[in-house]
Amino acid sequence: RPPRSPVIIIDSWKLKEMSDPLLAILHLCDSLFPIGGFAYSDGLEAATSAGVVLTGDGLREWLDVCLDETIGRAEGPTLLGAWTAFQDGRWEWLSTLDEEVMALRPSSAARRSSRAMGLRLLTTWQALHPDARLAGALTLVRDGALGPALPVAFAGACVTSGVGQRA
């Protein structure tokens with residue numbers, strides 16, 4: 001007989017049992033998680049309507065640029081720095097990273113979307129997995145010192161779930 005996986009009991013989005021911190025992050029990345037992260041396409045619809053992306057090759061090029069420019073040069077490094085800031089309780093640095101990643105986003109729609117998803121993520125994750133570090137970040141939000149951008153909030157969810165930088 002194959003070994004049985006651990007049973008996960010979900011009650012009102014609260015995980016009662018987890019065998020691995022990565023499982024919590026998998027739940028976070030699920031399209032059913034209520035932060036709207038899969039509803040934003042970084043302008044792909046507009047690019048398609050304008051005739052910029054019309055083929056599979058065009059889509060591949062669009063995704064390559066998004067991965068390289070958005071993830072590779074902005075949100076990825078921010079996520080890494082924010083992970084360390086959350087881990088060490090360096091709130092001023094966290095606020096600085098948040099401001100910098102927002103300054104790198106060229107469109108106001110992308111900035112608003114990132115902030116909205118980041119706030120929903122921090123708020124929801126704190127409700128699911130209460131942690132003093134998340135509470136500290138939410139205090140910064142209430143005080144106007146933190147947006148938070150989505151990669152900053154995602155770093156907080158990872159740290160407070162025990163997910164390492166190289167997971």
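1. Trp91 has a relative accessible area of 25%, so it counts as partly exposed. This value, like the others here, comes from a predicted model.

2. Which ring partners Trp91? The partner is Phe86, and the two rings sit edge-to-face. Their centres are 5.6 Å apart, with 90° between the planes. The planes count as edge-to-face because the angle is over 60 degrees. A search of the whole structure finds one aromatic pair.

3. Is Phe86 buried or exposed? Phe86 is buried, with a relative accessible area of 1%. Trp91, at 25%, is partly exposed. The cut-off for buried is under 20%, so Phe86 falls below it.

4. Gly89 lies in the loop between helix H3 (56-88) and helix H4 (91-104). Its relative accessibility is 32%, so Gly89 counts as partly exposed.

5. Arg133 is itself partly exposed, at 25% relative accessibility.

6. Arg133 also forms a salt bridge, and its partner is Asp131. The closest N and O atoms are 3.0 Å apart. Asp131 counts as buried, at 17% relative accessibility.

7. How many salt bridges does the structure have? The count comes to six. The Arg133 and Asp131 bridge is one of them. Side chains of opposite charge can pair when their charged atoms come close.

8. Asp57 is partly exposed, with a relative accessible area of 47%.

9. Glu69 and Arg73 also pair within helix H3. They are four residues apart, about one turn of the helix. Their closest N and O atoms are 3.4 Å apart. Arg73 is exposed, with a relative accessible area of 53%. Glu69 is partly exposed, at 39%. Arg73 counts as exposed because its value is over 50%.

10. Which residues are linked with Arg73 in a network of salt bridges? The network holds Asp68 and Glu69 along with Arg73.

Key:
Residues numbered from 1 in each chain as written. Predicted model: local features only at pLDDT ≥ 70, side-chain atom pairs only at ≥ 80, totals over all residues. Heavy atoms only, no water. Helix = DSSP H or I, 4+ residues; strand = E, 2+ residues; numbered from the N terminus. Buried < 20%, exposed > 50% of the residue type's maximum accessible area, 1.4 Å probe, protein only. Phe/Tyr/Trp six-rings, centres within 6.5 Å; stacked < 30°, edge-to-face > 60°. Salt bridge = Lys/Arg side-chain N within 4 Å of Asp/Glu carboxyl O.
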